[in-house]
Amino acid sequence: MSSSSSSRTAINVLIAVAAGHLINDLLQSLLPAIYPILKDDFHLDFWQVGMITLANQMTASLLQPVVGHALDRHPRPHALAFGMSITLGGLVLLAAGHRFALVVLAAALIGVGSSIFHPESSRVARAASGGRHGVAQSLFQTGGNFGSSLGPLLAAFVVAPYGRHSIGWFTIIAAIGVATLWRIGEWHTRARAIERAESVREKTTHPPMPAAHVRRSLVILVALVFSKFIYMASLSNYYTFFLIHRFGLSIQQAQLYLFGFLAAVAAGTFAGGPLGDRIGRKAVIWVSIGGVLPFSLLLPYASLFWTGVLSVIIGLVLSSAFSAILVYAQELLPGRVGLIAGLFFGLAFGIGGLGAAALGKLADVTSLDFVYRLCSLLPAIGLLTAFLPDLPGSMPVRAKPATAGAR
């Protein structure tokens, strides 16, 4: 196969896996987007809303590193389609469940589907990257974030007017996702030789750092993920309630503001990877987490107009970090793509879930205003970036054509 044909194949695979991520995260994002509807249907308090998120994100958090480690050792390319099938089952239960316990179970099943999807799809994106790992991860994650941004719109214009049972209509989207991911699995089966060669090359050209330095760097990265995703949990899970409480917006109006924030998150995610390839992962992490601090400090005190503007800026800047963090961590531990993807996606889900539950309880005890003032300080943790080493693999790269065996 010619180099240009291989490159086209890799681009097509990246687009396909990004589309699969869009579908996966669109379906995932329906859950927090319909929290006001679930709250009314089941007469929930904020603590119970947080428990739904906890069930969803803890299943993903606990399972993702296990799945990633297992797939590193025993690849199962069709695990992608299997994970989406589990998500489909969770949607059916979410639409039909008539008790709070069934809603929690549905949320857990959706989390299981995500835990299977992310490690394998991240590995596919890296295998098809042609050496532009940041670009590949950004495109992959942008698909997911764009899907997440669509969830509130679908909740506002489909679920809100037609009721919770209309979620069943989205099983059609899930079925399309299963078919798409099955074909991606077929490509990855044929591309395993590329992945093995890439792993050997990385271990040869970038000798491993001392174990103590790796551990310290991973601890710092975990702290950065903590600051990012606790703050993101405060916005993605309680932003609509904050807007309704503080400015008297309707559910549909608040969903539109949430869409603006999540769309900005998608745009920032897309920018983060290419910037990391161009200027280095560490620089992107610096700008992303530390640079958002002035805006986060202003948000709890802003008017409605400036709240919308600041939330978009925060979404753009803060979201650019995760691609850089993930690729930086993969370069710390070459050849452990699935484990690192599972660990950091799992941390993202788990920290977000614990944060949602804790913030919900705190909001019940104090107020949403207090929660937002407290969370505005979290980006200051980004100052720990100063202690991360400069990795050779994180320097700017030149694209290489991927040589996949797909037709």
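This is a predicted model: local features need pLDDT of at least 70, side-chain atom pairs count only at pLDDT 80 or more; totals for chains, interfaces and linings use all residues.
Residues are numbered from 1 along each chain as its sequence is written, and side-chain values use heavy atoms, with hydrogens and water left out.

**Whole chain**
- The chain holds 16 helices and zero strands. Helices are DSSP runs of H or I with at least four residues, strands are runs of E with at least two, and both are numbered from the N terminus.
- Of its 407 residues, 57% are buried (under 20% relative accessible area, 1.4 Å probe, protein chains only).
- Contacts are heavy atoms within 4.5 Å. Among those with a separation of 6 or more, 85% join residues 24 or more positions apart.

**Helix α9**
- α9 covers residues 211-247, 37 residues in total.
- Its first and last C-alpha lie 51 Å apart, close to the 54 Å expected at 1.5 Å a residue. The expected span is 1.5 Å times one less than the number of residues.
- A kink of about 65° is centred on Tyr238. The bend is the angle between axes fitted to the seven residues ending at a residue and the seven starting there.

**Helix α6**
- α6 runs over residues 133-162, which makes 30 residues.
- From first C-alpha to last, α6 reaches 42 Å, close to the expected 44 Å.
- α6 bends by about 40° at Ala155.
- Gly163 follows α6 with a positive phi, near 95°.

Conventions: Buried means under 20% relative accessible area, exposed over 50%, partly exposed in between (1.4 Å probe, protein chains only).
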